[in-house]
Structure formats: structure tokens, C-alpha cells
Number of protein chains: 2
Amino acid sequence: MERTIGIIGLGLIGGSMAVDLKRRGFATRVIGVEKESINASAAEKIGLVDEVVPYEDCIAQADIVVVAVPVGAAVRIVCDVLDRYQQTEAKDRIVIDTCSTKEQICQATHYHPCRGQFVSTHPMAGTEYSGPWAAMPNLFDGRACIFANSEESSPKALRAVEELYDALNMRPLYMNATQHDVHTAYVSHISHVTSFALALTVLDKEKDEKHIFDLASGGFSSTVRLAKSSADMWVPILTQNRDNVLHVMDTYIEKMYEFRQAVDDYDEDKIRQLIEDANRIKKIIR
Amino acid sequence: MERTIGIIGLGLIGGSMAVDLKRRGFATRVIGVEKESINASAAEKIGLVDEVVPYEDCIAQADIVVVAVPVGAAVRIVCDVLDRYQQTEAKDRIVIDTCSTKEQICQATHYHPCRGQFVSTHPMAGTEYSGPWAAMPNLFDGRACIFANSEESSPKALRAVEELYDALNMRPLYMNATQHDVHTAYVSHISHVTSFALALTVLDKEKDEKHIFDLASGGFSSTVRLAKSSADMWVPILTQNRDNVLHVMDTYIEKMYEFRQAVDDYDEDKIRQLIEDANRIKKIIR
């Protein structure tokens, strides 16, 4: 079966999808759209896509359009793609997003006459790097992919997108957009914020970068890794998911204060209890 | 040259040292002391040491004694070993500690008549696991080893211990105990505290552990990894290095508040600036 996949945004997520969908035979042709000309040249040169094409051509040619850009822009693009599907009566075409926040994009599309052709997904994979150079094969293997408000997609569109993520070896999870945003704030967004704050703290206290370099153990590097994540991606996530993020930040600050108080009091029993409570994460995360 | 190394505490650090010092020919014989009988049997069974021996025998037989136990116990043991060297006039023997805090152990030994036979070190390597099962070859390769107040050790003892860490492929760094405790609080201890607080937050907010398991991306796992670290090790570190730890926690809490305020205000410029400032860590940590 001939199938053209169009990827809008040839960064880490879009580029990695492009590679595996082609390599694994899900797509016979992969075309890409990339507004940064340096990234566009890189994506063609690396061979992430068969061709970089203008936006309009991508919408007109692709059976499935994957919108893999930061969340603010994604909302506008998905709505525009659905408008074009409506205008051209392209009833068999499908658009998906890959955003880390789901509530706003699901709200914005909810009443669109072509809503059934949109499948809102969040493939939970990534690294702290971005751009076409960060794209890699097998990025998604074994990870979870969330389908948000999937009952609003047409069964046919949903099935096609399930097959797409199956080709990427992802585990499907279904939840509504509101739940999604709560859970990702609690599990994913907060860990980015704590890493950013850690990097800011260490850079503030250690004016001499050589000390950081010399003393950084594997543990510090692992904890601060996410602080390398790009502002382009994270500013819109944190503002779109503001209320949930604030809520979990407040809980986090409380826990830090509790810890601080125990250290301040030399309260060994309390510190031990907090650490042992935290150790319960061992049972959940390998 | 015949050389017996005695390791007190056959956990991650002691056990990993035992393996590589023997394997790489620095030690002809490695004996160990381990007060937990389960760990002692495991260490013998795994083959970390040639023999587990009573404490007194270890001090009497080992050319170099490595004290690799949590910091509170280490202070007592190092002082006791030096007392025994004095009583038996064992002038050529050497004792080293491997503690993550240096000020207290250096203070406690400062006036000891055998101070020259003590070399205070902090090999900056490890994982979040503990016990003899966590020991592994090559753990120390390429990492930094701090020598604290090395001018108080005899040149001969210092040279022998430099050779020991050279056999472990560690990069030596020299600093005084006070500087050490400040810098490790800023770079290492704070990242453990932020991980513990993150685990506590996520476990508190996500009552359903399945959500954590399903939604934990590589990023979350990496950031929360240190929260698996043991209370036995970290309670004494955090209390011994209390003042420095409190100081850096306060800065950290300030940064979190700054971030929180920017998110609360939907202040995209400020969030972007904080993230881009945090991104500077990229230049330092690979």
C-alpha cells in the first residue's frame, strides 16, 4: 500500500518518527515541512525525509500529517490543517499532533466539523536535545503513547494512527485531555522544572565552572540532564499547563521545606523517614 | 611486591575498590570487614575479597586500610585505627576514608599523633544502589578523587594512596576539607535532596502508582534516580554538612519561587530567560 506521511517540524520527535516510519515500511514516502532553513537542509542532508516541501504541498499530498512542533504553534497548525481538509473535502486524510499538553489543542478542535480526522497523541519519548541532529532511530520503542479524547476521532482515523504508533513499537494508553495534563504535570513537567532550578542553583553558587565540571558525579549529571531542554519547547508547555504545574510545584516546595526543616533541626529520624518514603519510587521506576 | 589491602565496609564503594585493586594487581591480597553477616557472606560468595576477617585482624594485617562506611561510623573507625597504629607502633601502615563529607573527619583526626598515616579521600563515583551486590568493576574509571587536607598526610602515605587511586584510573584533585564540603553540597548533595523531594512529590500527588509507571519517561527516571539512594548513607551526610546543605537548599527554593512566579504570571519572557540561563549547564555537563 502506498502511503505518504507528512511531518511538520523536523526536530527530535518529527525527525525520529520520519526515520522509523520509512525504515519500517509504514510509509512509502515521507515528506517534511520545516520553517528554519538550516534545519530543513540538515533534515534533507541527514536523510530524515525523502523531501522537504512547502506547507501547502504537505497537506495536499500526505495521507497522514504529523504536527511535531511546540504546543502553541501546534494548536494553530492543526486547526489550519482541518480547515484545509474541510475546504478540499479531503475526508480520508488524517492529522495528528504530538504535544506534551492536550487540553488546549483538544478544546480548540472540539467543535471543528472535521474533528474526526484529528487524533491527538503524546508519544512519551525524547531526550534533552532538539533539532534534526537529535533525531534517532528506535526513539519510541517500548515507550507509552497517550491518545487523548480518542472518542472524538473517527474510528477509522483512530485505527490508522494506532497502526502508526504500533509501527513505532509504542504502548497505547487512552485518557481524556484533562487527566493527561494533570498526570504529565505530576510526572513529567515537574521533573523539568526541578532540573532547571537545580542548574540555576548550581550555576549561581558555583561561579567557577571548573568546580562543577570536576565535581559533577554521574548522579548530578543525571539529575540536571533535563535542564538542557529547550525554551522553545518548554515555555508553551509550562504556560499551557500552568494550573497543574503550579499545583505540583507547590507540593514540591512544601516537600523541600519539610526536608529543609529536618536538616535544620538535625532531626535524623525525620530525614531518615523522608528518604525512606522517597525510596518507595524504587518499586515503580527501574 | 606483596601488598594486603583491608576494606572496612563491603558495600558499593568498598566492594568495587576491592575488585579493581585485586584485578589490576595493586593488591596481592584483599581482606574485608563487614558487620552485616548477610553482606559478609555475599561479599565472599561474589568474590569481592579473598577473605572476610575480624576487624582487629584487618587492622593488624593490611598495609592500607580503606574505611568505606557511612560518614558517622567512618569518623570513629579512622580514629580507632590510628589509635591502634600508635599502640602497635605500626608506622608504615596507612588508613584512608572515602567519605562524602570531609570537615568532621579531618577535624577529628587533626591532632592525632599518627595523623600522617591517614589520607582523607573522596572518590566521586557511585550509583544509587548499595550493598555488596551493587559493587562493580570499573566504577571509578575516569572520575575525580578528592584528596582533602593532603598536606596533613605524610608524603609517603600520600604517594601510596595516589598510586592506589591511579590504579583505579581516578583523576586526583586537591582541596581543603572546608572547600570540599562547600563544593559537594553545591554540586552533589543538593541533587540528592532535589531527587528525594521529587520522589516524595510524585508519590504524594499520584496515589495510583500505575500512572507513574506508565507515564514515567526517560527524563523523569533520570531526574528521580538518586531518590533510590540509601538513608544509611545520606542521613549522616546531610547532618554533617548541614550548614552548606541548608545554604544551597535556600538558594534552590528561591529559584523555584522565581520559576513559580513566572509561571503564575504567564510571564513567557521570564520563563524563557530562566530556561536559557539553566541551559548554560550544557557547556559544562555533557
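This is a predicted model: local features need pLDDT of at least 70, side-chain atom pairs count only at pLDDT 80 or more; totals for chains, interfaces and linings use all residues.
I began with strand 5 (residues 94-97) of chain B, which three bridges join to strand 6 (residues 118-123) of chain B, the two running parallel. Strands here are DSSP runs of E with at least two residues, and helices are runs of H or I with at least four, each numbered from the N terminus.

Residues are numbered from 1 along each chain as its sequence is written, with chains lettered from A and ligands numbered from 1 in the order in which they are written.

Next I followed the whole sheet of chain B, which is open, has eight strands in the order 3-2-1-4-5-6-7-8 and shows mixed pairing (two strands pair if DSSP finds at least two bridges between them). Strand 3 (51-52) and strand 8 (171-175) of chain B are at the edges with a single partner strand each, so one side of each lacks a neighbour in the sheet.

Turning to the contact between the chains, I noted 79 residues from chain A and 79 residues from chain B, contact meaning that C-beta atoms, placed from the backbone, lie within 7 Å. On the side of chain A that touches chain B, helix 7 of chain A gives the largest share, 21 residues.

For chain A itself, I recorded 12 helices and eight strands, and a box of roughly 70 × 40 × 30 Å filled by the C-alpha atoms along the principal axes.

Terms used: Two residues are in contact if their C-beta atoms, placed from the backbone, lie within 7 Å.
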